[in-house]
Amino acid sequence: MTKCMKPKPILSDRQIDRQKSIDIIKGICILFIIITHYSWSDSERLRLLFPFWVDMAVPIFMIISGYVNANSFRKKNITSLLKSYNKQYVFKRLIRYTSPFIIAFCIEIFAIIIKSEFNYSLIEIIYLYLQGGIGPGSYYYPVLLQFIVVFPIIYHIIRIYDYKGLFYCFIINVSYEILKSAYMMNEECYRLLIFRYVFLIAFGCYFAIGKTHIKNLYFVFAILFSIIYIIIVKYFYVTPVITNYWSGTSIFAIFIVLPVVFLFNKKIYFKPIEILGKSSYHIFLTQMVYYCSVELIYSVIPNKYIQLLINIIICTLLGIVFYYFETFFSSFILRHIIDNKSNYYK
């Protein structure tokens, strides 16, 4: 008999609030983010098999986001779409995503001014803000803002339709790729829209609240399909008509990371990586700023692997400090604006 994946874990309220395994996975993925944004050549990326692990960091973050937020909704017994958009949900996440980003964005602008490269008008600055800043990974903040709006819809699709809902979200994701190609959407617009991650978010939701078991054999077929797809588009340089943008992390490539959900309920403990996971968003923003002005280190230290090690140390340490400082600041704001004393990061 084929074994099945049990999508709905039995968790206590405390486990739902903070699963250490989730933070461990996020901590590893944020290291991948720092690594991938280093100045590798295309041949080095392929030789080191980046398409199969390093490049999958953001897709894994999307699965985690779907899973964690679905568990939060389930814990609060949110059963209507209207209730999903209550002011606490919207405002807390808006502050959580925006407060650290504004700080990072201001530092980016300041760094440009210091380097005497500032020639932006006010309209251009607003545009830069809306597109997520300047540094590598700048699309992430706009995607998070869209997540606030889109997630409740995805959650209720999964809650109501279960396994069929997961299939519906897959169709939505594929339809986005088709429409993007049909209407010749430019790559800049494509990267800023959350629709390319709809299936991943839905899959995280499904693992949290789904009722139908998924046969593990399906995972095997899906992984093999993605491996073949990645090899074709990355190593044989074939550009698909539908998934012509960001092909290596498109809807047909990301099946390779789906089994990461099996690690969500494992007892994994390693405090340093756990801290990185808790600080992952702030480390992400820190590396955005850092990689905008890292030329000094590159000129002083010639060895690229030492450069990378220094990049990791600087980005993680500054990101952790940034996390604790900004969390205290944002929590203070939330305590005085919303009548809710709970820690919104839990």
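A residue is called buried when its relative accessible area is under 20%. In this predicted model, Ser 250 has a relative accessible area of 2%, so Ser 250 is buried. Its place in the chain is the loop between helix H12 (216–235) and helix H13 (271–278). Leaving out residues up to four places away in sequence, Ser 250 touches Glu 177, Tyr 229 and Thr 243.

Helix H13, at the end of that loop, has buried residues of its own: Ile 273, Glu 274, Leu 276 and Gly 277. Viewed down the axis of H13, the buried residues fall within an arc of 155°, and they therefore line one face of the helix.

The largest nonpolar core comes next. This core holds 97 residues, and the members that touch the most others are Ile 63, Tyr 140, Phe 151, Phe 203 and Phe 264. Helix H8 (residues 140–161) gives the most to the core, contributing 12 residues.

Finally, the cysteines. The count of disulfides is 0. Cys 169 is in no disulfide, as the nearest cysteine sulfur, that of Cys 205, is 7.8 Å away, whereas a disulfide needs two cysteine sulfur atoms within 2.5 Å. With a relative accessible area of 0%, Cys 169 is buried, while Cys 189, at 32% relative accessibility, counts as partly exposed.

Note on methods
Residues numbered from 1 in each chain as written. Predicted model: local features only at pLDDT ≥ 70, side-chain atom pairs only at ≥ 80, totals over all residues. Heavy atoms only, no water. Helix = DSSP H or I, 4+ residues; strand = E, 2+ residues; numbered from the N terminus. Buried < 20%, exposed > 50% of the residue type's maximum accessible area, 1.4 Å probe, protein only. Contact = heavy atoms within 4.5 Å. Arc of directions from axis to C-beta. Core = buried A, V, L, I, M, F, W, Y, C linked by side-chain atoms within 4.5 Å.
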